[in-house]
Amino acid sequence: MNDQRPSNPLQRILRSLGPAIITASVVLGPGSILSASKIGHSYQYQMIWVLVIAVIMMIAMTAMSARLGIQLKGTICDELASRAGRPIAAATGIILFLIAACFQFSNNLGVLAAVEPFIDKDSNISLGIIIGMNVFIIMALYGFKHLYGHIEKLMKLLVGIMMVAFAINLFQVKPDWLAALSGFIPSIPEGTFETILPKWDASAGKVTDNMTPLVALYATTFSVAGAFYQSYLVRQKGWTRSDLKQGLTDSVLGISALGLITMMVLITAAKVLYHNPDVTTLGSVTDVAKSLEPAFGKSAMIIFSLGIFAGAFSSFLVNAMIGGSILADGFGLGGYIDLKWPKLFTVLALLVGMAVAIFTKTQGKAPVGLIIFAQSLTVLGIPMLAIAMLWLATRADMKGENKIPAWMKILGFIGLFSSVFLALRTAVKLILPLING
């Protein structure tokens, strides 16, 4: 750690920022933007409080992960291997890699969705963008040394672009600020929680779930996988025990930026899309961007698409990096992105995502089997990551100067229960069609 620190407190804070900005950048992707837009479309401002709760949970889990990264002798996977056995660490790495690789295709398509309104629908152009983007990232992985510093700077730039782009749209649409403030007060619209779990609609022959938009908003903001990787990022940043306060500041500010950007998208959608007869469904972020054009002109769509691009590209890079790094570390091959095996596994995640994205574009549909497989992995994998962090945080040797603050552990356990509940809902959705099919 460099001891030449700025004397100005604000400069110290800004300099300390980095790991949580990277975490926020992977969480804030096309899925977050689309789910926030759907909530604004369906509930206007009423569900802002759900986002606030998700942000608080994410801050706690990210801050706890940061402390583990600073205070533990090795990485989380190292500690799992030494305390519970290498198979547990390897299983953690494999599951997280498979989840990241399976969903990587959606990040490819998210970047493409940001530029599709402005390009010819010729499939060759789309395929060229997907291939070119992956080749560029792979070349960057092997072309730069000390990758963490470059990635941190890039993610700060992309988060800044999102902040500015979505703020411009927000003030352009002139929302009802008093109504938006009322959304911080918990309320439950009628019919929202008719059933806690998904159910089978025999007449329609499909699963119905009134809570899908809310669950999506919470799940795309409170990302256990993103928080898990925070412990690796603070180690790559070079933080030590003297940086524990900076670690908390970084988590609060970085994840708050995630929440603020998501909230701006939600409020913009609430103003533009709520009760808008011209908008019936939102199938993608492209639909959200196009919905701004009739009322606010092409410039609004361009600015919103710029924010979408920044969000999708940041998720595209960091998601693959998380999968590759944790897989390598799970097998004891190192978890830092500058090392050989994390790079190779990151490239593998990129190639899997690119191949599936190309298949989706050429076939005109997403691979349902792969999506079901990835969803099945989340049922086991996401709670497993939360359990691993909380197990290490509550070990008998985590006391004295190593003690994790009680509020982090309490909110961490609440986060674990919520992740188990989300996993249960996913399992029910997967099982119901098999039972009734």
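Rings of Phe, Tyr and Trp (for Trp, the six-membered ring) are paired if their centres lie within 6.5 Å; planes under 30 degrees apart count as stacked, over 60 as edge-to-face and the rest as tilted. The structure holds nine aromatic pairs by this criterion, and the tour will come back to one of them.

**Before starting**

This is a predicted model, in which local features need pLDDT of at least 70 and side-chain atom pairs count only at pLDDT 80 or more, while totals for chains, interfaces and linings use all residues. Residues are numbered from 1 along each chain as its sequence is written, and side-chain values use heavy atoms, with hydrogens and water left out.

**Stop 1: the whole chain**

The average is 86, and 92% of the residues score at least 70. Confidence is lowest in helix α1 (residues 9-16), with a mean of 65, and highest in helix α4 (residues 48-71), at 95.

Switch to a cartoon, which shows 17 helices and two strands. Helices (H or I, at least four residues) and strands (E, at least two) are DSSP runs, numbered from the N terminus. The radius of gyration is 21 Å, close to the 22 Å that the globule rule gives for 437 residues, so the chain is as compact as a globular protein of that length. That radius is taken over C-alpha atoms, and the rule is 2.2 Å times the number of residues to the power 0.38. Along its principal axes, the C-alpha trace spans about 60 × 50 × 45 Å.

Of the 437 residues, 54% count as buried. Buried means under 20% relative accessible area, exposed over 50%, and partly exposed in between (1.4 Å probe, protein chains only). Contact means heavy atoms within 4.5 Å; among contacts between residues at least 6 apart in sequence, 83% join residues at least 24 apart.

**Stop 2: the largest nonpolar core**

Select Leu68, Phe228 and Phe304, the residues that touch the most other members of the 123-residue largest nonpolar core. Helix α14 (residues 298-330) supplies the largest share of this core, with 16 residues. Such a core is a set of buried Ala, Val, Leu, Ile, Met, Phe, Trp, Tyr and Cys residues joined through side-chain atoms within 4.5 Å.

Centre the view on Phe304. Which residues is phenylalanine 304 in contact with, leaving aside its neighbours within four places in sequence? They are Ile33, Phe166, Asn169, Val265, Val288, Ala289 and Leu292. With Phe166, Phe304 forms an edge-to-face aromatic pair, 5.1 Å centre to centre and 65° between the planes. The pair links distant parts of the chain, 138 residues apart: Phe166 lies in helix α8 (residues 147-173) and Phe304 in α14. Phe166 counts as buried at 1% relative accessibility, and Phe304 is buried at 2%.

Next, select Phe97, Trp341 and Phe345, which form one aromatic cluster.

**Stop 3**

Select residues 76-84, helix α5, whose buried residues are Ile76, Cys77, Glu79, Leu80 and Ala81. Just after α5, Gly85 takes a positive phi of about 110°.

A disulfide is a pair of cysteine sulfur atoms within 2.5 Å, and a search of the whole structure finds zero of them. The sulfur of Cys102 is 18 Å from the closest cysteine sulfur, in Cys77, which is too far for a bond. Cys77 is buried at a relative accessible area of 0%, and Cys102 is buried at 6%.

**Stop 4: lysine 361**

Move to Lys361 in helix α15 (residues 340-363). Is lysine 361 buried or partly exposed? At 30% relative accessibility, Lys361 counts as partly exposed. Not counting residues up to four places away in sequence, Lys361 touches Leu109, Leu112, Glu116, Ser126, Leu127 and Ile130. The C-alpha atoms of Lys361 and Ser126 are separated by 7.9 Å, although the two are 235 residues apart along the chain.

**Stop 5: two loops with positive phi**

Most residues other than glycine have a negative phi. Select Gln44, in the loop between α3 (30-43) and α4. Gln44 is not a glycine, yet has a positive phi of about 55°, and counts as partly exposed at 27% relative accessibility.

Finish at Lys174, in the loop between α8 and α9 (177-182). Phi of Lys174 is near 55°, a positive value in a residue other than glycine. At 63% relative accessibility, Lys174 counts as exposed.

Note on methods
pLDDT = per-residue confidence, 0-100.
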